[in-house]
Amino acid sequence: MKVAFYPGCVARGGCPELYPAAVKVGERLGIELDELTGAACTGAGVLQEKDLRLGDALNARTFAMAEQKGLPIMTICSTCQGVMSQANKRLKDDPAYLAEINELLKEEGLQYRGTTVIKHLLWIMVEDIGVANVKKQFTRSLKDLRVAPFYGCYIVRPSWALGFEEHPERQHSLEDLIEAVGATAVEYEGKTRCCGLPILMINEKNAVAMVAKHTSTAQGLGANAMVTPCPLCHLNLDGYQPKAAKQSGIAIHMPILHLPQLIGLAMGFSPKEMGLQRHIVSTKEVEEAVAGRAPVGAGRP
Amino acid sequence: MKVTLDIGRFNPESPGPRPYRQEFTLEVENYFTVLDALIRIREYEDPTLAVRCSCRASICGSCAMRINGHAGLGCKTKIISVIKDGRVRVDPAGNLPTVKDLVVDMKPFWDKVRAVEPYLQPEGPEPVDEYLAPEAAMLHLVGVMGCIMCGACLSDCTVLEVDERFLGPAALAKAYRFVADPRDGATLKRLKQYNGEGGLWDCTRCMECVQVCPKGVAPMDRIIAMRDRAITAGLHGTNGARHAEAFADIVKHNGRLDEIRLVPRSYGIFNVMNLGAMLAAIPVGIRAWRHGKLPPVIPHKLSERQNVRRIFDKVEGRK
């Protein structure tokens with residue numbers, strides 16, 4: 001399948017390991033990536049608190065670009081996905097509003113008709129490619145890993161903007177992929193809660209307390225890694241984990257993987273190719289679990 | 001249909017009281033709500049099961065509880081819509097102290113609502129007849145006025161989980177109801193009051209409250225709308241306002257985010273109060289740099305950024 005690829009800012013900013021990992025995994029899955037290089041930031045919910053219309057206009061511009069190409073948008077960030085899904089719903093539900101926003105795009109020669117579909121790589125793997133087909137690309141089983149899923153708020157709420165009714169499988173998409181790589185999915189309450197990043201620079205103590213709560217709970221339940229489809233969650237859960245351990249007084253050690261990294265490791269890519277060395281929290285246990293399973297490079301096409 | 005209700009219970013009068021779980025399996029009709037099933041248990045199986053309810057029609061707001069881990073009204077949630085492998089998990093509402101079984105103490109909830117001064121504060125001389133307001137200005141408030149004070153939003157608020165001082169979704173939605181009311185004369189005073197610690201900038205935008213509210217009040221959307229109003233009213237001196245403004249300014253000029261400049265600008269470059277936070281961010285930055293994780297020092301800029309800037313100019317010009 002071919003997609004209009006929207007990597008988002010953080011995949012090449014604060015989490016530079018995500019972009020190459022996602023591209024490698026996407027290519028291996030046979031997804032042809034047509035990157036939307038002219039698309040702007042979604043606003044990440046922050047721009048929206050200054051002015052909702054600004055965010056909607058920037059996103060309508062991106063949707064129009066994909067519409068021109070006749071392609072669905074593929075995201076690799078829960079926040080991008082959620083912010084875009086919400087904007088798309090507002091634009092599609094209200095033709096008068098859509099017309100008003102289109103006025104802002106006119107000068108650039110763009111017009112959004114309301115037909116663009118926006119899908120996270122997570123959903124594309126589960127719904128379009130299918131877990132069984134994704135599994136065909138795997139060369140190692142990561143069965144020593146007990147992985148706690150961490151969805152990120154924007155890819156689960158509000159459910160009515162994210163197509164959960166038509167796609168009930170989205171509720172357990174991460175667990176499905178964790179099981180597919182041969183690992184065990186760890187069930188805990190925090191999997192759909194907030195990582196705290198949006199208030200990191202506003203109330204750091206609370207933001208870091210959220211990191212401590214979710215990583216320590218997962219650790220207590222025997223998880224030895226956490227996986228997230230959201231680089232913003234990764235920034236906080238990984239980057240601020242040392243602070244979370246200090247603040248909470250709990251010895252937390254929870255390697256945080258980006259979703260494409262987990263999939264890529266099962267595909268036979270090396271930890272280095274997936275950029276694990278760039279994480280703040282050491283991923284040694286994950287690398288050991290990988291090293292114990294099939295030689296690196298085995299089964300490469 | 002057979003269902004097993006897995007109920008989180010607590011009896012304060014038992015010796016050494018601690019929460020425990022108890023299961024009840026019963027036959028229910030397709031139209032049964034979770035509350036119907038709980039009442040059936042109380043009437044036929046265990047009269048000591050404590051559950052609070054009154055109207056049974058999503059109006060009184062008494063029966064908010066956690067159903068399969070998420071807040072909702074027992075009387076509005078059909079068993080058939082939540083049953084999974086023959087089971088439904090029921091717990092008392094979160095973020096509030098449990099009195100007994102599914103009954104929680106609503107005092108913290110009401111304390112927060114009272115703290116926002118939830119009554120109209122008009123200014124100027126009293127009109128001869130009544131306060132008049134244009135219909136258009138009131139219509140959009142109907143959604144907020146629909147709040148039945150059930151506490152579902154408070155139960156699942158992710159900030160309250162880590163900080164009980166946060167005013168929380170219900171109280172802030174109520175606050176918005178007066179901030180946006182054209183008859184209220186205390187708007188600026190209110191915005192200044194809600195602008196402080198534990199106020200509107202402490203919401204983490206997780207949307208739990210939007211998701212679980214049984215009446216469509218969308219508290220978080222009201223909080224975001226108040227942030228917009230606070231900035232517009234000239235209240236720029238918070239990390240939250242600086243963060244939003246810096247974020248917008250960076251996207252306006254680059255078309256994309258530039259995390260390196262966002263951090264100091266959110267703290268306020270010449271803000272002595274935040275010097276500690278700014279200095280504390282330095283080791284985090286150094287650690288990121290050592291791992292090759294630091295965002296690009298020369299920011300990525302969109303080649304078509306003039307088109308983005310034009311959209312900003314048009315929208316901001318109209319404001």
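Author: Two strands count as a pair if DSSP finds at least two bridges between them. The model discussed here is a predicted one.

Reader: How many bridges join strand E1 of chain B to strand E5 of chain B?

Author: Strand E1 of chain B covers residues 2-9 and strand E5 of chain B covers residues 87-92, and the two run parallel. One position along them is given by Leu5(B), which stands opposite Val88(B) in E5(B). Since at least two bridges are needed for a pair, E1(B) and E5(B) meet that condition, for the bridges between them number four.

Reader: Which strands stand at the edges of the open sheet of chain B?

Author: The open sheet of chain B is formed by five strands in the order E2-E1-E5-E3-E4, with mixed pairing. A strand at the edge has a single partner strand, so one side of it is left without a neighbour in the sheet, and in chain B this holds for strand E2 (20-27) and E4.

Reader: Which residue in the turn between E3(B) and E4(B) has a positive phi?

Author: Strand E3 of chain B (residues 64-67) and strand E4 of chain B (residues 70-73) pair in the antiparallel sense over four bridges, and within this pairing Ala64(B) has Leu73(B) of E4(B) as its bridge partner. The two strands form a hairpin with two residues between them. The residue in that turn with a positive phi, of about 50°, is Asn68(B).

Reader: How many nonpolar residues does the contact of H7(B) with H10(B) have?

Author: Among the residues of H7(B) in this contact are Leu172(B), Tyr176(B) and Val179(B), while those of H10(B) include Ile223(B), Met226(B) and Arg229(B). By class, the contact has two charged residues and no polar ones, and its nonpolar residues number 12.

Reader: Is H3(A) roughly parallel or roughly perpendicular to H5(A)?

Author: Helix H3 of chain A (residues 52-69) packs with helix H5 of chain A (residues 95-105) at an angle of about 80°, the axes being 9 Å apart. In H3(A) the contact is made by Asp56(A), Ala57(A), Ala60(A), Arg61(A) and Ala64(A), and in H5(A) by Ile101(A), Leu104(A) and Leu105(A); by class, these are six nonpolar, no polar and two charged residues. Because an angle of 65 to 115 degrees counts as roughly perpendicular, the relation of H3(A) to H5(A) is roughly perpendicular.

Reader: Which strands does helix H11 of chain A touch where it packs on the sheet?

Author: Four strands of chain A form an open sheet in the order E6-E5-E7-E8, and their pairing is parallel. Strand E7 (residues 225-228) is joined to E8(A) by three bridges, and Met226(A) stands opposite Ile256(A) in E8(A). Helix H11 of chain A, residues 259-267, packs on this sheet with its direction at about 80° to that of E8(A), and the strands it touches are E7 and E8 of chain A.

Reader: Which element gives the largest share of the side of domain 1 of chain A that touches domain 2 of chain A?

Author: The domain assignment of chain A gives domain 1 (2-120) and domain 2 (131-291), and their C-alpha centres lie 24 Å apart. The contact between them takes 26 residues from domain 1 and 27 residues from domain 2. On the side of domain 1, two or more residues each come from helix H1 (18-28) and helix H4 (78-93) of chain A, and the largest share, eight residues, comes from H4(A).

Note on methods:
Residues numbered from 1 in each chain as written. Chains lettered and ligands numbered in written order. Predicted model: local features only at pLDDT ≥ 70, side-chain atom pairs only at ≥ 80, totals over all residues. Axes fitted to C-alpha atoms, helices over the stretch in contact; angles between N-to-C directions. Parallel < 35°, antiparallel > 145°, perpendicular 65-115°, else oblique. Contact = placed C-beta atoms within 7 Å. Nonpolar A, V, L, I, M, F, W, Y, C, P; charged D, E, K, R; others polar. Domains from an automatic or database assignment.
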